[in-house]
Amino acid sequence: MNKARESVHGMWSSRWVFIIAAIGSAVGLGNIWKFPYITGEYGGGAFVLVYLLCIAMVGIPIMMAEILVGRRGRASPINAMRYVAKEEGASRAWCLVGFSGVLAGFLILSYYSVIAGWALAYVFQAIGGGLNDVSPERAGELFDDLVGSPGQLLFWHTVFMIMTIAVVARGVRDGLERAVTILMPALFVMLFVMVGYAYLEGDFARGVHFMFDVDFSKLFQVCSGPADAQDCRVSSEPLLVAMGHAFFTLSLGMGAIMAYGAYVPDRASITGATIAIAGADTLVALLAGLAIFPIVFASGLEPSSGPGLLFQSLPIAFGSMPGGYWFGTLFFVLLVFAAWSSSISLIEPAIAWLVESRGWRRATVATLAGVCAWLLGIASALSFNLWSGEEYQILGKTLFELKDFLTSNIMLPLGGLLIALFIAHGAGRHMALNELSISRQRLFNAWWFLIRYVSPIAIALVFLQVTGLLEALGVA
Ligand code: PHE
C-alpha cells in the first residue's frame, strides 16, 4: 500500500475544487451542442431513456473507478494504471488503456476545438448585432456562411486552441478554479432563462413529448430526410450512440477524470463527488434540450438537422426576445467557457504523462501537444466545406464525423470497459474497498456489482448487438 505517493502536478485545494473542476470537464459542448442534436437525429424519447440508463448503470460506476485509480496512482492515467497494476500484482499491460485514452483525447480535441470555434464566432456575431431580429431563414444562412468558410473556421479553431494551451501550460489548477466557480452557476441560470423563454414562446409541449415519450422502435432505426418523407433503415446505431454519448458527456473512458482524480485529497468521498458531477452534467443536458426543442418545433426547423441545430435554433430566440442582444452574447460567452474547461481536460492526461516521463516543462509539452491537435483539427474544419464531398469521405463519413464516431462510440466505451475490468478483475476488491472507504457495506456492494458485472456486460452487449446487426444485414 502506498498512501504517501504525491502527484508532481500539485493537488486540488479541497474536494469541492475537484468537484468544480470535474463538472467543468464534464459540462461542455457535449451537453449543449451534441446532446440536443443527436437526440434530434435519433428520434427523441427512447434515445434519451437509454442515455439516462447508461449514465446511471455504466457511467456513474465507471466514473468512481476512474477517480479511484487516479487517486491511488497519483499520476497521469498511463502511470497511474501502471503503478496500481504493479502494486496489485496485475499485468503492466493495463497501462495501454492509458495510451489509448491519450490518443482519444487528441482526436476529440481536434474536432472539439472546431465546434468551440463556432461558439466563439457566434460571440462576435452577437456582439456585432448580427443576431438582432434574425428570422429562422436568416439564422440558417448565418450558420451556413460560417461553416462554409474554411478561413473563418480555421481562424476560430486556432484561437480556441491557443486559449486551451494557455491554460494547460500553466497547470490546470490556476485560473480554472475561479473561472469555473463563477461561470458554471451563470450557465445554469442562463439555461433556465432559455427554458423559460421556450416555455412561453416555443412549442413547449411538443418539445417535452419529443424528449420524453418513449417509442422503442426508434432505437433500432436510423432515419434521414424531412419529417414527412423519411427514409428509415434498421440499425442499432442509436443504442451505440446513446451509450457512447454517456461516456463523452461525463468525460469518461479516456482518462480525463482519472487525471483529475490524481489531484484529489485523500479523505474526500468519491461517491458523493461522482453523484454531484453526473447530476450536474445530466441536468445541463436536459435543460439544453428543453430550451432548444420547443424553439425548433415552433420555428418549423427539423429536429434532425444535425450539428447545426443549436446554432440555428437559439439565435431565433435571441432575435425576438427582450434583451436578446445581451442574452445572446452572454449565452455564447458561457458556452465558450464551458467548452474551454472541457478541452483542457481532454489534453491533460497527455501533458501530465509527458511531464512525468520526460521531465520536460509543462509549457513546452503543452505547446507541442497543442500544435499536434491543431494540425489534426484542420481536417475537421475542412470537413464542413472543402472536404465535405464524397471523395473525401471514409465509410460514408466526413473526417469530422469519422473522428467523432470512432472516439465517442468505440474508443471511450472500450476504454471504460477495460477500466471496469481492471478494477474488478485486475486490481481487485481489496484495493477498491480500501480506497473508496465507503462506510456502508451495502453501498459498496452495489457499486461492486455494477462495476464487476453490469457495466462491462452492458458495454459488451451494445458492441455485440451492433456487430451482430451489421452481420445480419450483410454489411460486415
Ligand atoms: N465531457 C465533455 C463535454 O461534454 C467532453 C469531453 C469528453 C471532455 C471526454 C473530456 C473528455 O463536452
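Predicted model: local features only at pLDDT ≥ 70, side-chain atom pairs only at ≥ 80, totals over all residues.
Residues are numbered from 1 along each chain as its sequence is written. Local features need pLDDT of at least 70 and side-chain atom pairs count only at pLDDT 80 or more, while totals for chains, interfaces and linings use all residues; side-chain values use heavy atoms, without hydrogens and water.

Two packed helices are described by the angle between their axes and the distance between the axes. Helix α3 (residues 45-73) and helix α4 (residues 77-87) have axes that come within 8 Å and cross at roughly 80 degrees. The two helices α3 and α4 are therefore roughly perpendicular to each other (a term for angles of 65 to 115 degrees). In contact, meaning heavy atoms within 4.5 Å, Val69, Gly70, Arg72 and Gly73 of α3 meet Ala80, Met81, Tyr83, Val84 and Glu87 of α4.

A disulfide is a covalent bond between the sulfur atoms of two cysteines. Here the term requires a pair of cysteine sulfur atoms within 2.5 Å, and the count comes to one disulfide. Cys223 is joined to Cys232, with an S to S distance of 2.0 Å. The torsion about the S-S bond of Cys223 and Cys232 is about 110 degrees, so this disulfide is right-handed.

A pocket is an open set of points on a 1 Å grid where a 1.4 Å probe fits, with protein on both sides within 12 Å along at least five of seven lines; its lining residues have an atom within 4 Å of a point. The second largest pocket holds about 360 Å³ of space. Its lining has 17 residues, and Gly40, Phe210, Ala227, Gln230 and Pro303 lie nearest its centre.

Technical notes: Points joined across faces, edges and corners; volume = space filled by probe spheres on them. Axes fitted to C-alpha atoms, helices over the stretch in contact; angles between N-to-C directions. Helix = DSSP H or I, 4+ residues; strand = E, 2+ residues; numbered from the N terminus. Parallel < 35°, antiparallel > 145°, perpendicular 65-115°, else oblique.
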